[in-house]
Amino acid sequence: MSTGDENNRQGIPGTAPGWNQLRVCVLSIKYNIMREMVNKVTFLTNICFMILNNGAFLVQWAILFRLKEDIGGYTFQEIMLLWGICASSYGLAHILFARAFALPELIINGKLDAYLVLPKNVLLGVMTSSTRTSAIGDLAYGLIVACLSGFSVKKMLLFLLFTVTGAVMVTAFAVLLGSLSFWFVRMEIFADQMVNVTISFATYPDGIFKGAVKVLLYFAIPTGMMVYQPVHIMTDFKWKGFFMVPCYAGMLSVAAVVVFYRGLRKYSSGNLMSARV
């Protein structure tokens, strides 16, 4: 069975009231988290261990800054902001949209069927159908680090904004790459590697990268706009740079949605007799 235009109409934005779509997604996220909280010991342990794991890396940076005043043009306070934005963006994305990072598997194995029969936006239904418990630890860690790096109302408001834009960027990037699985085989390996590369580069100051690598970090992958530009804005605010971040997030999101729905037209069902409850 192939999904034609009639089946795809269910997944095209605008076929159901926007507020109902949002309400369904919020409820889905709520119940995902509630399911994870059934075993409270495991739930809290995953969060605490993730905070400790991230904190260990920051200790390494603290040791390095005792040997050198700045690294790549960054002070230790700016490194803390870098790690804070990276961790909180990654955490928020995996709390709200964890399934977006498993999109290739759903496409390749024909597991989108369960979402096509639901009376809501297909892409939002997929993205909000799962959450990752440890990601709450990433988000909490990011907020803690942001406070320790020098608390002020302005800085925290900017930090929260950039956490949202960062989460949007990394999710959209994952959806964009994952959607290529509609056309190419084994794209899940490439998509996973590219998302991991995005996060890995985001934990190092951009001053250590030169030439073509730095261009790639700002244009080919979203690391630059996800973390580097926000850190620069928070340390030296400029309106031009400030507006560039949400604009980039918006354009990347539009590209991800367009590619996903173009690919959905080519999707072939796995004929799975299952439904998502």
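Student: Which residues is P222 in contact with, leaving aside its neighbours within four places in sequence?

Tutor: In this predicted model, P222 is in contact with M169, F173, T198, L217, Y248 and L252. Contact here means heavy atoms within 4.5 Å.

Student: Where does P222 lie?

Tutor: P222 lies in the loop between helix 11 (211-219) and helix 12 (223-235).

Student: Why does P222 count as buried?

Tutor: The cut-off for buried is under 20% relative accessible area. P222 has 1% relative accessibility, and therefore counts as buried.

Student: How far apart are P222 and L252, in sequence and in space?

Tutor: They are 30 residues apart in sequence, and their C-alpha atoms are 8.7 Å apart in space. L252 is also one of the residues in contact with P222.

Student: L252 belongs to the contact between helix 9 and helix 13. What makes helix 9 roughly parallel to helix 13?

Tutor: The axes of helix 9 and helix 13 (residues 239-264) cross at roughly 25° and come within 8 Å. Angles under 35 degrees count as roughly parallel, so helix 9 is roughly parallel to helix 13. The crossing is left-handed.

Student: Which residues make this contact of helix 9 with helix 13?

Tutor: From helix 9, the residues include L158, L161, F162, M169, F173 and V175. From helix 13, they include F242, V245, Y248, L252 and F260. By class, the contact has 19 nonpolar, three polar and no charged residues.

Student: Why are helix 9 and helix 10 called roughly antiparallel?

Tutor: The axes of helix 9 (residues 153-179) and helix 10 (residues 187-201) cross at roughly 160°. An angle over 145 degrees counts as roughly antiparallel, and helix 9 and helix 10 are therefore roughly antiparallel to each other. Their crossing is right-handed.

Student: Which residues meet where helix 9 and helix 10 pack?

Tutor: V170, F173, A174, L177 and G178 in helix 9 meet residues of helix 10 that include M187, F190, M194 and T198.

Student: What does L123 touch, not counting residues up to four places away in sequence?

Tutor: L123 touches V175, V257, F260 and Y261. The C-alpha atoms of L123 and V175 are separated by 9.0 Å, although the two residues are 52 residues apart along the chain.

Student: What makes helix 4 roughly antiparallel to helix 8?

Tutor: Helix 4 (residues 76-96) and helix 8 (residues 134-148) pack at an angle of about 150°, with their axes 7 Å apart. The angle is over 145 degrees, so helix 4 is roughly antiparallel to helix 8. Helix 4 passes helix 8 in a left-handed crossing.

Student: Which residues meet between helix 4 and helix 8?

Tutor: Those in helix 4 include M80, W83, A87 and Y90, and those in helix 8 include D138, L139, Y141 and V145. By class, this contact has 11 nonpolar, five polar and one charged residues.

Student: What covers the buried residues of helix 8?

Tutor: The cover includes helix 3, helix 4 and helix 9. Among the buried residues of helix 8 are D138, L139, Y141 and V145.

Student: Why is N54 called buried?

Tutor: N54 has a relative accessible area of 7%. The cut-off is under 20%, so N54 is buried. N54 is in helix 3, and touches W83, A87, D138 and Y141, not counting residues up to four places away in sequence.

Student: How do you know that the span of helix 3 is close to the expected one?

Tutor: Helix 3 (residues 40-67) has 28 residues and reaches 42 Å from its first C-alpha to its last. The expected span is 40 Å at 1.5 Å a residue, and the two values are close.

Student: How many helices and strands are there in the protein?

Tutor: There are 13 helices and zero strands. Of the 277 residues, 48% are buried.

Note on methods
Residues are numbered from 1 along each chain as its sequence is written. This is a predicted model: local features need pLDDT of at least 70, side-chain atom pairs count only at pLDDT 80 or more; totals for chains, interfaces and linings use all residues. Side-chain values use heavy atoms; hydrogens and water are left out. Axes are lines fitted to C-alpha atoms, for helices over the stretch in contact, and angles run from 0 to 180 degrees between N-to-C directions. Helices (H or I, at least four residues) and strands (E, at least two) are DSSP runs, numbered from the N terminus. Angles under 35 degrees count as roughly parallel, over 145 as roughly antiparallel, 65 to 115 as roughly perpendicular and the rest as oblique. A crossing is left-handed if the near helix is turned anticlockwise from the far one by less than a right angle, and right-handed if clockwise. Ala, Val, Leu, Ile, Met, Phe, Trp, Tyr, Cys and Pro count as nonpolar, Asp, Glu, Lys and Arg as charged, and the others, Gly among them, as polar. The expected span of a helix is 1.5 Å times one less than its number of residues. Buried means under 20% relative accessible area, exposed over 50%, partly exposed in between (1.4 Å probe, protein chains only).
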